[in-house]
Structures are given as C-alpha cells and as structure tokens.
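Have the sequence and the 3D view ready. What holds the inside of this chain, and where do charged side chains pair up?

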Amino acid sequence: MKLTSSEPSIDEAFTAAAAGWGSLTRSGDGLAFPLPGRFVMPGGFFRWFFYWDSCFVIPGLLVSGERDVAREIVDGFVASIEEYGFVPNYNGPKGVCASRSQPPFLTWAVGEVWPTVGDRAWLERAVDAAVTEYETYWTAEPHLSNLGLSRYVDLGGDGCGTVPDTPHHRAIAESGWDNTSRFGDDATKVVPVDLNAQLYRYEVDLARFLRVLDRPDEAASWERRASDRRELIDRWLWDDK
C-alpha cells in the first residue's frame, strides 16, 4: 500500500512500519491458549500476545492496509474473554498470565476495526465479550473499590509474578505502567483516573454499538452507567486546585 503525505520523512516512517508487519506477525495457534487468528508480537524477547500493546498496533495495521490482521487481533481478545472472562496480561508459547489483565481497550479497538468489517454478527460477539469483561472483571471484586470506581489488582497465584512479587508490584503490572512511582507504596489502594476513564469509554462505546444493533433499551442503560461513572469520577478524582 502506497502512503503519501506532505512530509517525505513521514512517508518514510510509514513505509518502514508497513514493511515490518510481516516479521512481527505470528499465528495464534502457537500460543499456550491458541488464538483463532494472527497477532503482532512486540519483537525481540517478547514473542507473546499482550493486551494493550496489541491494541496500539491496530491503527498502524489499518493505515497500512492490514485490515485482516487488525480484525484477527480483536478476534483474539474476544476468544480470550470467552475463555477466561477477561484478556490476560499476556499469552505466550509456554504459558498464560491469567491472574491479571492490562488496561482495557477492547471497545476502542472494536470501534477502530468495525468500519472495515461491517458484519453485524461480528459486532454482536465483540459487544457480548466487552460486556463480560466489564461486568465480571473490571467492575466486580476485587477490582471494584468502595468508591464505586475500579482499581488495578492482581491476587497472584498463577506463576506470572513480578520482581519483587508483591501485591503492589503485581497491581502496577496490571496497570501497564510497570514500573512507576505514581501509585505510591500500595497500588491496590489507588483508584486511577485513567482506568476509570477507559471504563467510561466502554459505557459510551457499548451504548453506541447497541444502537447500531437496534437494541435501544440496552443502549440507554449503558448511557446511564456512563453518566453515573462520570459523576463519581468528578466527585472523587477531580480537584479544582
């Protein structure tokens, strides 16, 4: 695919990126939990299927004309949720990190890919998966805090520990920010604004998708959830100073 812009250096970057997809793309059947299609690995040592890392390559794939690979990545998220109830932090050739996830970007990824698919059944399955992830993982214990907002937490116990292997560091690993000082000494006691903003995105996106699917009552319910979350975010996570 020939990409052009007003800046030759940008064209060169696009061309280099597009040329690299093939060497980074792998079949999902070689992973510990086999995926139904292909995925893009980070490269080097990391030959795994990550959650939010994979989301961020989707716009590049689409602008490079790799629509099928972008769709197959979303299909991998959906299959993972159908198996585990959420997208594990990573899925590698030798194991799955199933005690934690990563920041949830599924509905955003669906929104990026959906215009290139146009299949109602595909969208329905993706919506069902996103609802499962939202309701049974991110807004259920132990992720749901007493403020009505969500937090990062990894209870451990499946062999994908951190160094050091503590609840604090495992929660940071789920945040995708590993390692950072932004969570203080105990990340499990922090209600992050970015996580809850992403869940607000889920609520808004799901309402939009459900209207596309002619399910207005369900859409209205998600719009109310979005309004409630926004009120809680403004109440607990905003400071005028």
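The model is predicted: local features need pLDDT of at least 70, side-chain atom pairs count only at pLDDT 80 or more, and totals for chains, interfaces and linings use all residues. Residues are numbered from 1 along each chain as its sequence is written, and side-chain values use heavy atoms, with hydrogens and water left out.

**The core**

In soluble globular proteins, nonpolar side chains tend to be buried together. A nonpolar core is a set of buried Ala, Val, Leu, Ile, Met, Phe, Trp, Tyr and Cys residues joined through side-chain atoms within 4.5 Å. Buried means under 20% relative accessible area, exposed over 50%, and partly exposed in between (1.4 Å probe, protein chains only). The largest core here has 58 residues. Ile73, Val74, Phe77 and Leu106 have the most contacts inside it. Elements giving two or more residues to this core include β2 (38–40), α3 (67–84) and α5 (120–138). Helices (H or I, at least four residues) and strands (E, at least two) are DSSP runs, numbered from the N terminus. The largest share, ten residues, comes from α5.

Leu106 touches, among others, Val74, Phe77, Ala126 and Tyr202, not counting residues up to four places away in sequence. Contact means heavy atoms within 4.5 Å.

**Helix α5**

α5 has 19 residues. From first C-alpha to last, α5 reaches 26 Å, close to the 27 Å expected at 1.5 Å a residue. That expected span is 1.5 Å times one less than the number of residues. Its buried residues include Trp122, Leu123, Glu133 and Trp138. The buried residues of α5 pack against α3, α4, α6, α7 and α8.

**Salt bridges**

A salt bridge is a side-chain nitrogen of Lys or Arg within 4 Å of a carboxyl oxygen of Asp or Glu. By this rule the count is 15. Three of them are listed here.

| Pair | N to O distance |
|---|---|
| Arg71 and Glu72 | 4.0 Å |
| Arg120 and Glu124 | 3.4 Å |
| Arg120 and Asp214 | 3.7 Å |

Asp214 is exposed, at 58% relative accessibility. Arg120 is partly exposed, at 38%. Glu124 and Arg120 are four residues apart in helix α5, so about one helical turn separates them.

Glu72 is buried, at 13%, while Arg71 is partly exposed, at 26%. Both belong to a network of salt bridges that links Arg38, Arg71, Glu72 and Asp75.
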